[in-house]
Amino acid sequence: MLSESPIGIYDSGVGGLSVLRAIRDALPRESLLYVADSAHVPYGEKTREYVARRAAALADYFVSRQAKAMVVACNTATAAAIAQLRQRHPGLAIIGVEPAIKPAAHLTHSGVVGVFATTGTLASPKFAALVQREAPEVRILFRPCPEWVSLVERGVLRGPEADAAVRAPVAELREAGADVLVLGCTHFPFLRDAIQAAAGPGVPLLETGAPVARRLRHQLQERGLLRAGAPGSLRLETSGGAEALGMQASLLLGQALAAHTMDERWR
């Protein structure tokens, strides 16, 4: 494992690109390999066992590509599989994501925090433990929004359809007293403008990309694996349609990007 080795990042689809964006901002010299497991999207409606099997396969794939670190850029997959992944590959730096409950608990004035996530994240024991550990005195309101994942996967980020999809869930939590909203799925930051408009300009929306990038930097630094020199490369791969991923990533990241299909044995 060398400092020149890539960092593997994956999600069920394109949501993890919000985390990749934060990593590129924080660590511009690192080479990144992003995998959209699009043949298996959405994870939020799959069983924990199914998600864990895909996580193990993708971890093995990143190891086969000599990755020096792996970022599980999906709340559902983190909840289902992060402990098993670290046991499976103890020498690999593995970073997961989790909803920003702790900072939300510090920011709230009403004592009520709203969390938007997928069904799989909200139902996980790991998420229940997070809430109990980080916000025992705060009332947490949960709202599963699997349809928001579909919007982002289709590239519908703004306009009447996006506004209509976010309006009722946001109003529901705001009317129940939530004054801080947590975007507990990596797809959701791409709907940030629509969510903010529905919530109001003074309502904090918390996401996880920047904290993940900071943890990743810290782990690489500790292991002496930070890359120096010129800006790193970015490669996009998918278990689904490469052309579709290239178009989606170009839209979401604001630059022309091509994507590639993974080798069949990993799909």
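Start with the largest pocket, which holds about 180 Å³ of space. A pocket here is an open set of points on a 1 Å grid over the protein atoms alone, where a 1.4 Å probe fits, with protein on both sides within 12 Å along at least five of seven lines; the volume is the space filled by probe spheres set on the points. This is a predicted model, in which local features need pLDDT of at least 70, side-chain atom pairs count only at pLDDT 80 or more, and totals for chains, interfaces and linings use all residues. Residues are numbered from 1 along each chain as its sequence is written, and side-chain values use heavy atoms, without hydrogens and water.

Select Glu 98, Pro 99, Ala 100, Pro 103 and Arg 215: of the 13 lining residues (those with an atom within 4 Å of a point), these lie nearest the pocket's centre. Helices α4 (101-107), α6 (125-134) and α10 (209-222) each give two or more residues to the lining; helices are DSSP runs of H or I, at least four residues, and strands are runs of E, at least two.

Next, show α2 (48-64) and α3 (75-88), whose axes, lines fitted to C-alpha atoms over the stretch in contact, come within 9 Å and cross at roughly 50 degrees. Colour the contact (heavy atoms within 4.5 Å): among its residues are Val 51 and Ala 55 of α2, and Ala 77 and Leu 85 of α3.

Now visit two loops. Between β2 (32-36) and α2 you will find Pro 42, joined to Val 41 by a cis peptide bond with omega near 0 degrees. Finish at Gln 66, between α2 and β3 (69-72): this residue is not a glycine, yet its phi is positive, about 60 degrees.

Definitions and conventions:
Axes fitted to C-alpha atoms, helices over the stretch in contact; angles between N-to-C directions.
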